[in-house]
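The following exercises ask the reader to work through a structural model step by step. Each task is followed by its solution.

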Amino acid sequence: MLETIRKRLTLLFSGTFLLLLILILIGVYFTTARLLDQTELNQLKSVSNRDLFERIEHGEDRVIRDPIYFQLFNPDGTERYTRLPDDLPKEPVRKFLDSNKVTEKIFSDGQHFLLYQRTSPEGSTLLLKDISATEDTLERLIAMLAGITLLSTLVLMGISYILAGRSVVPVQQAFDRQRRFTSDASHELRTPLTILYSGIELLETEPLSTEGQAILSDLKAETASMQYLVSDLLLLAREGQPGPTSPVDLSTLVTQTSERFKHTLVNRTLSLTITPHLFIKGDPNQLIRLLTIFLENAAAYSDSDIEVQLQNTSTHVQLIIADQGIGIPPENQAKIFERFYRGDHSRHGTGTGLGLAIAKSIADAHEATIFVESTPQTGTRFTILFPIP
């Protein structure tokens, strides 16, 4: 359980850090991209009409570093002079000129271009620059930020796992102390309760008044209930840890346990659908306890027939115990595996409220998963999935 908490804390720390890091890096990326775009645009804006005419006079084919292409238009919209790349698509440029946009980016044949247009009494001017180098820089920036994010997250996950392990040490120690106390107290209580129960049985052989017999019967029932509670607490103190595990013929175990349980039912049928020779790895005694808990619950909360199924799926051995009893309200289904929880129908049984908590503990120790489906006044269906060894 604490290992699960440790992993969840690790995921929480790492996830929070990853989210914050992603937000920071996104901010860095967009800020950088905006600055680079603004730098390129400012360079286009800084080119005056005089610069353009000087370039025309000196010949537009001269070698210029990071050349700026341009197109001049007369006031009536006719083209006056053009110096654009030959492979530049004309349609995006035409749409840009027809629009009211001042600037826009276009992509063509692996190249990125930044367009900028301005108007003056002498006509309009289209300026264009190849910004592929800038876009490549941004792509490398994205790759670098992604690498930083991944590496930082992995490092933090390792650190978080260590810190989470240290943080759960006091919880583990407190949990161990509580478990030892419960185990020791249960052991100490078992002997006097056994003596008390035996003494009550001896007193039953003595001549007593009717009232005395009734009191003695009540004492015996309460003592038996205390013995049952102590046994449950002792099992919970061990957290359902199985003893020596071995391959278990679950088909035979379920059949024999269910057959013995049939004798406790009155005017009811327990139907079995068992696939033979289904094996799992586990502790037979605890598996019997697990099945008995669900059978006792089905008998306590239902006056109708009980159904037990055991079959295999592609990945699990599936055990189902279904009844047609009072059912469990949806709002209570998440609580039934809590210790001492008995819901609103405690009058239907005299249990301690520990049964399903013990079943959950045993299932966890066997790496099994319990699912519950229940409809009030219709019935309850428990499904336990055991991993195939």
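**Exercise 1.** How many bridges join strand 1 to strand 2, and in which sense do the two strands run?

*Solution.* The model is predicted, with local features requiring pLDDT of at least 70 and side-chain atom pairs pLDDT 80 or more, while totals for chains, interfaces and linings use all residues. Residues are numbered from 1 along each chain as its sequence is written, and side-chain values use heavy atoms, without hydrogens and water.

Step 1. Helices (H or I, at least four residues) and strands (E, at least two) are DSSP runs numbered from the N terminus, and two strands pair if DSSP finds at least two bridges between them.

Step 2. Strand 1 and strand 2 (residues 79-83) are joined by four bridges and run antiparallel. In strand 2, tyrosine 81 is the bridge partner of leucine 72.

Step 3. The hairpin of these strands has five residues between them, and glycine 77 takes a positive phi near 95° there.

Step 4. Strand 1 is also joined to strand 5 (residues 123-130), by six bridges and again antiparallel; threonine 125 in strand 5 is the bridge partner of leucine 72.

**Exercise 2.** Determine which way the side chains of strand 1 point and whether they are buried or exposed.

*Solution.* Step 1. In a regular strand, side chains alternate between the two faces of the sheet.

Step 1. Ile68, Phe70 and Leu72 point one way from strand 1, whereas Tyr69, Gln71 and Phe73 point the other way.

Step 2. Buried means under 20% relative accessible area, exposed over 50%, and partly exposed in between (1.4 Å probe, protein chains only). Six of the six residues in strand 1 (residues 68-73) are buried.

**Exercise 3.** Which residues have the most contacts inside the largest nonpolar core, and which elements supply it?

*Solution.* Step 1. A nonpolar core is a set of buried Ala, Val, Leu, Ile, Met, Phe, Trp, Tyr and Cys residues joined through side-chain atoms within 4.5 Å.

Step 1. The largest such core has 37 residues, and Leu250, Phe294, Leu319, Ile321 and Phe386 have the most contacts inside it.

Step 2. Helix 7 (250-262), helix 8 (284-300), strand 9 (306-312), strand 10 (316-323), helix 9 (355-365) and strand 12 (379-387) each supply at least two residues of this core. Helix 8 gives the most, with eight residues.

Step 3. Leaving aside neighbours within four places in sequence, phenylalanine 386 is in contact with residues including Leu250, Leu287, His316 and Leu319.

Step 4. A second, separate core of 12 residues includes Leu44, Val47, Leu72 and Tyr116.

**Exercise 4.** Why is strand 12 described as largely enclosed, and with which strands does it pair?

*Solution.* Step 1. Seven of the nine residues of strand 12 are buried, so this strand is largely enclosed by the rest of the structure.

Step 1. Strand 10 and strand 12 pair in the antiparallel sense over eight bridges; histidine 316 has proline 387 in strand 12 as its bridge partner.

Step 2. Strand 11 (residues 369-375) runs antiparallel to strand 12, and seven bridges join them. Serine 374 stands opposite threonine 380 in strand 12.

Step 3. Three residues lie between strand 11 and strand 12 in their hairpin, where glutamine 377 in the turn has a positive phi of about 65°.

Conventions:
Contact = heavy atoms within 4.5 Å.
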